[in-house]
Amino acid sequence: MDKNAFQLRSEVLANEDAGQRYRRMILAAPEIAAAAKPGQFVNLRVGDGLDPLLGRPFGVFHAEPDSGRVEILYRPTGRGTHMLAEVRPGERLGLVGPLGRGFTLEKDVEAHVAVGGGTGLAPVYFLSGRAAAAGFSTWLLFGFRDCSFGLPEALMRRTGAHFRLSSDAGEAGCLRGTAVDLLDLVLDRELAGKRVALYTAGPAIMMKLVAEAAARRGLPCQASLEAHMACGLSVCRGCVVALKGTAPDGGVLRRPVCTSGPVMNAAEVDWDRYLQGG
Amino acid sequence: MTSRFDLSARIGPLALANPVLVASGTFGFGMEMARIAEVGRLGAVVMKSLTLKPRAGNPPPRIVETPAGMLNAIGLENPGIDGFLRTILPQAGRLGVPLVANIAGSTVDDYVQLAGRLSHEAAGAVAAIEMNVSCPNVGAKGLHFGVSPELLEGLVAAVRSQAKLPLIVKLSPNVGDIVEVAQAALAGGADALTLINTLLGMAVDVRTRRPKLANVTGGLSGPAVKPVALRMVHQVWRATRAPIIGLGGIATAEDAIEFLMAGASAVAVGTWNFIEPTAAAELPEKIAARAAELGAASVSELIGTLVCD
């Protein structure tokens, strides 16, 4: 069988503030940079110690086959990500990837619209960059709590997609409201009457509302899911999520996020169970 | 120097190219890992537990990380013996590595049927059968087969009568006297023993006052359990001299050699497959290099050589 995932000790090239409490880590990972597709993820260890033990899954934020660089975006929230924030350029970290099924660009549509929030920025950002580079009309909509400390302008422009932001207070340049409000506005005003495909990643409630908007409007929608995960290769069977339908034994139909996803058809996800954590 | 080291291993009647296996439940059926690891370099792949009927497994959260380890309560999710024989075994059989089938049941008859079907329908493709006995016995008020010497001996003897393949019993560490259950498994006819399965544990979320696993309790594995596993391997080796597959927290060649010295005839990598999925396939070469540094020329020169005054 051909190898399509790689285990590396990857050099950290940069680990810097990226605005909005995000940090961006740039890793030297040529095999992964060449193979990674939007929506795929990497499993990154935060150090060589035994605690924490497991790698952390991060959606690929950006990958450059030419330079061999892979970027991830994270927020220091838990113990592992706080340790990650302390890593310095030149250190090496255990990295496995690319993993999972990424987004598939829908055919026969006039615009691709990616909707993200929280750490869901990474997969939709990567997707919108690749879609825009391929010449498609692409929109990246992102919801923040507070727009006053936004991402660096240069990073935003890099995607080449039409960029729209929302925030709770509606500062200059931001729609006041949620990413879902922003989606409704863009679909009704700027893409009215167009055949559109939706892609979403971020908080569970946001993805559920985007999936409902897609169903209401009859649009295809793909969602990038998250779960507690160990291996990322579907051998531990730890990261299952519930889908609509019934398992062969009559129980809840569940699939591993790591290989059946993380990107799934939003219409197939049991969003109420997903909101409750499984 | 390492090229002259003899890596060949023997687990009772089972002869293998090297002593490195992977633990059931940590490597799928083997082919899931072929996308990243050179699976053919392993001594054998011990496949995920099979039951008679397909099982969907437990609701999530199924796993939680703990210091130097993790807890799991997967619930034996598997496609069942029919799905295994029909669709999985033909694929796994092309990996070019000996396969060990792991079976689990809730009655003696479940195990007997599973062993019989594997012996008759998969004898050419499967090198041995490993019994997961850390399962509740519905006929004995949910008591686990692996905690009662009497239950275990009867179970192994029943399976032995149907199994035409080498029979390995994977022991639960959640017992008062590991030697007693090991002797019971051997008395029932086991060719070899695997030590240890996971240690029963739990984790608590103080904010929600809830257990972190949906199943409340789960099995602890990873480097945290290594000292317990080494102790049990050594106790059983001293008392029985039986062939043992040692596992529990193995990540490095040094870890593996510790188990061999404690009395194991072979070792298995478990949780570490989740962290470094290529590590197990690279371990035979690393064992050869480290053992040669220690002055050994073969695996058999390491087994049970622990010096205790």
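Guide: In this predicted model, helix H5 (residues 226-240) of chain B and helix H6 (residues 253-262) of chain B have axes that come within 8 Å. The axes cross at roughly 25 degrees. Angles under 35 degrees count as roughly parallel, so H5(B) is roughly parallel to H6(B). From H5(B), the contact draws on Lys226(B), Leu230(B), Val233(B), His234(B) and Trp237(B). They meet Asp255(B), Glu258(B), Phe259(B) and Ala262(B) in H6(B). By class, this contact of H5(B) with H6(B) has five nonpolar, one polar and three charged residues.

Next, the contact between chains. Chain A gives 33 residues and chain B gives 34 residues. On the side of chain A that touches chain B, strand E1 (6-17), E6 and strand E14 (252-256) of chain A each give two or more residues. That side divides into 18 nonpolar, 10 polar and five charged residues.

Now inside chain A. Its domain assignment gives domain 1 (6-99) and domain 2 (111-275). Their centres, taken over C-alpha atoms, are 21 Å apart. The contact takes 20 residues from domain 1 of chain A and 24 residues from domain 2 of chain A. On the domain 1 side, strand E3 (41-44), strand E4 (56-64), strand E5 (69-74) and strand E6 (92-99) of chain A give two or more residues each. E4(A) gives the most, with six residues. This side of domain 1 of chain A has 13 nonpolar, six polar and one charged residues.

Definitions and conventions
Residues are numbered from 1 along each chain as its sequence is written. Chains are lettered from A and ligands numbered from 1 in the order in which they are written. This is a predicted model: local features need pLDDT of at least 70, side-chain atom pairs count only at pLDDT 80 or more; totals for chains, interfaces and linings use all residues. Domain bounds come from an automatic or database domain assignment. Two residues are in contact if their C-beta atoms, placed from the backbone, lie within 7 Å. Helices (H or I, at least four residues) and strands (E, at least two) are DSSP runs, numbered from the N terminus. Ala, Val, Leu, Ile, Met, Phe, Trp, Tyr, Cys and Pro count as nonpolar, Asp, Glu, Lys and Arg as charged, and the others, Gly among them, as polar. Axes are lines fitted to C-alpha atoms, for helices over the stretch in contact, and angles run from 0 to 180 degrees between N-to-C directions. Angles under 35 degrees count as roughly parallel, over 145 as roughly antiparallel, 65 to 115 as roughly perpendicular and the rest as oblique.
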